[in-house]
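Morning, everyone. Please look at the model on the screen while I talk.

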Amino acid sequence: MLSPEGHDVAGTACLIWGMWWAVINAMKLFNQKPMTYPPKLLSPQLVENVVCTITALIAMLIHQFALGNPGLHLYDEKNHQWVGLKSWHHSAIYLFFLVSSIVGVLTHCPLRFPLGLDRLLLSLALFNEGMLIRSHRPMDLNLLAQHLHALLLIPIFSAAICLLFEVQFRDHPILVLLRISMFLTQGTWFWQIRFVLHPPQGAPIWDPNDLGTIMFLTICFSWHYLLNIFLLSIIYGIVYCFGQN
(Lines give C-alpha, C1' and ligand atoms only; values in the text may rest on other atoms or scores of the structure.)
Protein backbone atom coordinates (compact mmCIF):
# COMPACT_ATOMS: atom_id res chain seq x y z
CA MET A 1 0.00 0.00 0.00
CA LEU A 2 2.50 2.62 -1.11
CA SER A 3 0.09 5.24 -2.53
CA PRO A 4 -1.68 7.76 -0.29
CA GLU A 5 -5.04 6.56 -1.57
CA GLY A 6 -4.20 2.94 -0.77
CA HIS A 7 -3.45 3.80 2.85
CA ASP A 8 -6.55 6.00 3.11
CA VAL A 9 -8.92 3.33 1.77
CA ALA A 10 -7.43 0.50 3.85
CA GLY A 11 -7.40 2.60 7.02
CA THR A 12 -10.98 3.80 6.57
CA ALA A 13 -12.21 0.27 5.84
CA CYS A 14 -10.59 -1.12 9.01
CA LEU A 15 -12.02 1.71 11.13
CA ILE A 16 -15.55 1.27 9.77
CA TRP A 17 -15.30 -2.50 10.23
CA GLY A 18 -14.04 -2.13 13.80
CA MET A 19 -16.67 0.43 14.82
CA TRP A 20 -19.44 -1.66 13.25
CA TRP A 21 -18.31 -4.67 15.27
CA ALA A 22 -18.06 -2.53 18.40
CA VAL A 23 -21.68 -1.36 18.11
CA ILE A 24 -23.08 -4.81 17.28
CA ASN A 25 -21.16 -6.57 20.05
CA ALA A 26 -21.96 -3.89 22.62
CA MET A 27 -25.65 -4.40 21.79
CA LYS A 28 -25.24 -8.14 22.34
CA LEU A 29 -23.35 -7.63 25.59
CA PHE A 30 -25.74 -5.16 27.22
CA ASN A 31 -29.03 -6.46 25.87
CA GLN A 32 -30.80 -8.50 28.52
CA LYS A 33 -33.06 -10.21 25.98
CA PRO A 34 -31.94 -12.28 22.99
CA MET A 35 -31.42 -9.99 20.02
CA THR A 36 -33.96 -10.45 17.25
CA TYR A 37 -33.88 -8.98 13.79
CA PRO A 38 -36.28 -8.69 10.88
CA PRO A 39 -36.11 -11.55 8.37
CA LYS A 40 -32.76 -13.30 8.43
CA LEU A 41 -31.83 -11.64 5.14
CA LEU A 42 -31.48 -8.36 7.07
CA SER A 43 -29.32 -9.61 9.95
CA PRO A 44 -26.26 -7.41 10.64
CA GLN A 45 -23.83 -10.25 9.95
CA LEU A 46 -25.30 -10.83 6.50
CA VAL A 47 -25.32 -7.12 5.65
CA GLU A 48 -21.69 -6.90 6.81
CA ASN A 49 -20.57 -9.79 4.62
CA VAL A 50 -22.47 -8.59 1.55
CA VAL A 51 -20.90 -5.12 1.85
CA CYS A 52 -17.44 -6.66 2.36
CA THR A 53 -17.91 -8.91 -0.67
CA ILE A 54 -18.82 -5.99 -2.91
CA THR A 55 -16.02 -3.80 -1.51
CA ALA A 56 -13.33 -6.48 -1.92
CA LEU A 57 -14.48 -7.23 -5.48
CA ILE A 58 -14.39 -3.55 -6.47
CA ALA A 59 -10.94 -3.13 -4.87
CA MET A 60 -9.61 -6.14 -6.81
CA LEU A 61 -10.96 -4.76 -10.10
CA ILE A 62 -9.43 -1.34 -9.43
CA HIS A 63 -6.02 -2.84 -8.67
CA GLN A 64 -6.16 -4.84 -11.89
CA PHE A 65 -7.88 -2.61 -14.42
CA ALA A 66 -7.39 1.01 -13.30
CA LEU A 67 -5.00 3.11 -15.35
CA GLY A 68 -1.43 1.85 -15.01
CA ASN A 69 -2.38 -1.49 -13.42
CA PRO A 70 -1.56 -4.88 -15.00
CA GLY A 71 -5.04 -5.92 -16.21
CA LEU A 72 -4.49 -9.60 -15.26
CA HIS A 73 -1.14 -9.52 -17.09
CA LEU A 74 1.40 -11.12 -14.75
CA TYR A 75 4.53 -11.75 -16.83
CA ASP A 76 5.98 -9.94 -19.85
CA GLU A 77 7.55 -12.70 -21.94
CA LYS A 78 9.00 -10.20 -24.38
CA ASN A 79 11.02 -8.31 -21.77
CA HIS A 80 11.29 -11.26 -19.35
CA GLN A 81 10.02 -9.40 -16.31
CA TRP A 82 7.06 -9.43 -13.93
CA VAL A 83 4.26 -6.95 -14.47
CA GLY A 84 2.71 -4.90 -11.66
CA LEU A 85 3.66 -7.13 -8.75
CA LYS A 86 2.53 -4.55 -6.17
CA SER A 87 -0.92 -4.45 -7.77
CA TRP A 88 -0.96 -8.24 -7.74
CA HIS A 89 -0.02 -8.16 -4.05
CA HIS A 90 -2.97 -5.90 -3.28
CA SER A 91 -5.28 -8.02 -5.43
CA ALA A 92 -4.21 -11.13 -3.52
CA ILE A 93 -4.99 -9.40 -0.20
CA TYR A 94 -8.48 -8.44 -1.36
CA LEU A 95 -9.05 -11.88 -2.92
CA PHE A 96 -8.76 -13.57 0.48
CA PHE A 97 -11.14 -11.06 2.05
CA LEU A 98 -13.52 -11.66 -0.87
CA VAL A 99 -13.51 -15.42 -0.26
CA SER A 100 -13.96 -14.88 3.49
CA SER A 101 -16.95 -12.59 2.91
CA ILE A 102 -18.57 -14.97 0.42
CA VAL A 103 -18.32 -17.78 2.98
CA GLY A 104 -19.82 -15.41 5.54
CA VAL A 105 -22.79 -14.82 3.21
CA LEU A 106 -23.22 -18.54 2.54
CA THR A 107 -23.40 -19.31 6.27
CA HIS A 108 -26.79 -17.55 6.23
CA CYS A 109 -28.08 -19.91 3.55
CA PRO A 110 -29.63 -23.29 4.40
CA LEU A 111 -26.26 -25.00 3.99
CA ARG A 112 -24.63 -26.91 6.82
CA PHE A 113 -21.34 -25.06 7.15
CA PRO A 114 -19.27 -25.90 10.23
CA LEU A 115 -19.69 -23.30 12.97
CA GLY A 116 -16.66 -21.05 13.02
CA LEU A 117 -15.75 -21.43 9.34
CA ASP A 118 -16.35 -17.71 8.74
CA ARG A 119 -13.95 -16.82 11.58
CA LEU A 120 -11.34 -19.24 10.23
CA LEU A 121 -11.49 -17.76 6.72
CA LEU A 122 -11.23 -14.20 8.04
CA SER A 123 -8.24 -15.24 10.15
CA LEU A 124 -6.55 -16.72 7.07
CA ALA A 125 -7.28 -13.51 5.15
CA LEU A 126 -5.48 -11.51 7.83
CA PHE A 127 -2.51 -13.91 7.90
CA ASN A 128 -2.32 -13.54 4.13
CA GLU A 129 -2.48 -9.73 4.43
CA GLY A 130 0.34 -9.73 6.97
CA MET A 131 2.50 -12.01 4.86
CA LEU A 132 2.10 -9.86 1.75
CA ILE A 133 2.65 -6.58 3.61
CA ARG A 134 5.78 -8.16 5.12
CA SER A 135 7.03 -8.86 1.59
CA HIS A 136 6.38 -5.18 0.71
CA ARG A 137 9.02 -4.06 3.18
CA PRO A 138 12.18 -4.96 1.19
CA MET A 139 10.73 -2.91 -1.71
CA ASP A 140 10.75 0.25 0.41
CA LEU A 141 13.82 2.42 0.06
CA ASN A 142 14.27 3.68 3.61
CA LEU A 143 14.38 2.43 7.17
CA LEU A 144 11.41 4.55 8.28
CA ALA A 145 8.97 2.97 5.81
CA GLN A 146 10.15 -0.51 6.77
CA HIS A 147 9.66 0.21 10.48
CA LEU A 148 6.18 1.68 9.98
CA HIS A 149 5.03 -1.40 8.09
CA ALA A 150 6.66 -3.70 10.65
CA LEU A 151 4.54 -2.08 13.38
CA LEU A 152 1.46 -2.56 11.19
CA LEU A 153 2.03 -6.32 11.36
CA ILE A 154 1.32 -6.31 15.12
CA PRO A 155 -2.44 -5.55 14.89
CA ILE A 156 -2.82 -7.64 11.73
CA PHE A 157 -1.35 -10.85 13.18
CA SER A 158 -2.89 -10.22 16.61
CA ALA A 159 -6.36 -9.99 15.07
CA ALA A 160 -5.66 -13.12 13.01
CA ILE A 161 -4.65 -15.11 16.12
CA CYS A 162 -7.66 -13.76 18.00
CA LEU A 163 -10.00 -14.95 15.24
CA LEU A 164 -8.41 -18.40 15.38
CA PHE A 165 -9.37 -18.60 19.06
CA GLU A 166 -12.87 -17.42 18.15
CA VAL A 167 -13.31 -20.50 15.97
CA GLN A 168 -13.50 -22.47 19.24
CA PHE A 169 -14.71 -19.72 21.62
CA ARG A 170 -17.16 -17.90 19.36
CA ASP A 171 -18.29 -14.42 20.48
CA HIS A 172 -16.26 -14.57 23.68
CA PRO A 173 -16.50 -10.93 24.88
CA ILE A 174 -12.77 -10.56 25.72
CA LEU A 175 -11.64 -12.03 22.41
CA VAL A 176 -14.12 -9.83 20.57
CA LEU A 177 -12.82 -6.72 22.35
CA LEU A 178 -9.23 -7.63 21.49
CA ARG A 179 -10.12 -8.29 17.85
CA ILE A 180 -11.98 -4.98 17.51
CA SER A 181 -9.18 -3.00 19.15
CA MET A 182 -6.68 -4.52 16.73
CA PHE A 183 -8.81 -3.65 13.70
CA LEU A 184 -9.19 -0.07 14.93
CA THR A 185 -5.44 0.19 15.51
CA GLN A 186 -4.73 -1.21 12.07
CA GLY A 187 -7.02 1.46 10.62
CA THR A 188 -5.52 4.43 12.45
CA TRP A 189 -1.99 3.18 11.81
CA PHE A 190 -2.66 2.98 8.06
CA TRP A 191 -3.57 6.66 8.29
CA GLN A 192 -0.41 7.39 10.30
CA ILE A 193 1.72 5.68 7.64
CA ARG A 194 -0.02 7.71 4.95
CA PHE A 195 0.73 11.05 6.65
CA VAL A 196 4.34 10.11 7.43
CA LEU A 197 5.29 8.74 4.01
CA HIS A 198 3.05 11.10 2.03
CA PRO A 199 2.72 14.30 4.11
CA PRO A 200 0.14 16.88 2.97
CA GLN A 201 1.41 19.75 0.86
CA GLY A 202 3.22 22.26 3.03
CA ALA A 203 3.68 19.87 5.96
CA PRO A 204 7.24 19.10 7.15
CA ILE A 205 8.87 15.99 5.69
CA TRP A 206 9.94 13.24 8.13
CA ASP A 207 13.61 12.30 8.08
CA PRO A 208 13.60 8.66 6.84
CA ASN A 209 16.96 7.80 8.40
CA ASP A 210 16.65 9.49 11.80
CA LEU A 211 16.62 6.89 14.61
CA GLY A 212 14.95 9.41 16.92
CA THR A 213 12.03 9.68 14.48
CA ILE A 214 11.70 5.90 14.44
CA MET A 215 11.70 5.78 18.24
CA PHE A 216 9.07 8.54 18.41
CA LEU A 217 6.79 6.75 15.93
CA THR A 218 7.07 3.55 17.98
CA ILE A 219 5.78 5.55 20.96
CA CYS A 220 3.04 6.90 18.66
CA PHE A 221 1.96 3.35 17.92
CA SER A 222 1.35 2.70 21.62
CA TRP A 223 -0.64 5.96 21.78
CA HIS A 224 -2.72 4.78 18.83
CA TYR A 225 -3.65 1.60 20.67
CA LEU A 226 -4.49 3.48 23.86
CA LEU A 227 -6.69 5.98 21.97
CA ASN A 228 -8.50 3.13 20.23
CA ILE A 229 -9.24 1.49 23.58
CA PHE A 230 -10.64 4.87 24.66
CA LEU A 231 -12.73 5.00 21.46
CA LEU A 232 -14.04 1.51 22.21
CA SER A 233 -14.99 2.62 25.72
CA ILE A 234 -16.94 5.56 24.30
CA ILE A 235 -18.80 3.35 21.81
CA TYR A 236 -19.68 0.76 24.45
CA GLY A 237 -20.72 3.55 26.85
CA ILE A 238 -23.03 5.15 24.27
CA VAL A 239 -24.63 1.80 23.42
CA TYR A 240 -25.07 1.05 27.14
CA CYS A 241 -26.79 4.43 27.74
CA PHE A 242 -29.13 3.94 24.79
CA GLY A 243 -29.87 0.40 25.98
CA GLN A 244 -30.82 1.65 29.45
CA ASN A 245 -33.24 4.13 27.93
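Predicted model: local features only at pLDDT ≥ 70, side-chain atom pairs only at ≥ 80, totals over all residues.

Residues are numbered from 1 along each chain as its sequence is written, and side-chain values use heavy atoms, without hydrogens or water.

First, the helix pair. Helix H2 (residues 44-65) packs on helix H3 (residues 85-106) at about 160 degrees, axes 8 Å apart. That makes H2 roughly antiparallel to H3, a term for angles over 145 degrees. By class, their contact has 14 nonpolar, ten polar and no charged residues. Here Ala, Val, Leu, Ile, Met, Phe, Trp, Tyr, Cys and Pro count as nonpolar, Asp, Glu, Lys and Arg as charged, the others, Gly among them, as polar.

Now the pockets. The largest pocket has a volume of about 610 Å³. It is lined by 30 residues, with Gln45, His108, Asp118, Arg119 and Arg170 nearest its centre. H1 gives the largest share of that lining, six residues. The lining divides into 13 nonpolar, nine polar and eight charged.

The second largest pocket has a volume of about 520 Å³. Which residues lie nearest its centre? Ala13, Cys14, Trp17, Cys52 and Thr55, out of 25 lining residues. H1 gives the most here too, with eight residues. This lining divides into 19 nonpolar, four polar and two charged.

A pocket is an open set of points on a 1 Å grid where a 1.4 Å probe fits, with protein on both sides within 12 Å along at least five of seven lines; lining residues have an atom within 4 Å of a point.

Conventions:
Axes fitted to C-alpha atoms, helices over the stretch in contact; angles between N-to-C directions. Helix = DSSP H or I, 4+ residues; strand = E, 2+ residues; numbered from the N terminus. Parallel < 35°, antiparallel > 145°, perpendicular 65-115°, else oblique. Points joined across faces, edges and corners; volume = space filled by probe spheres on them.
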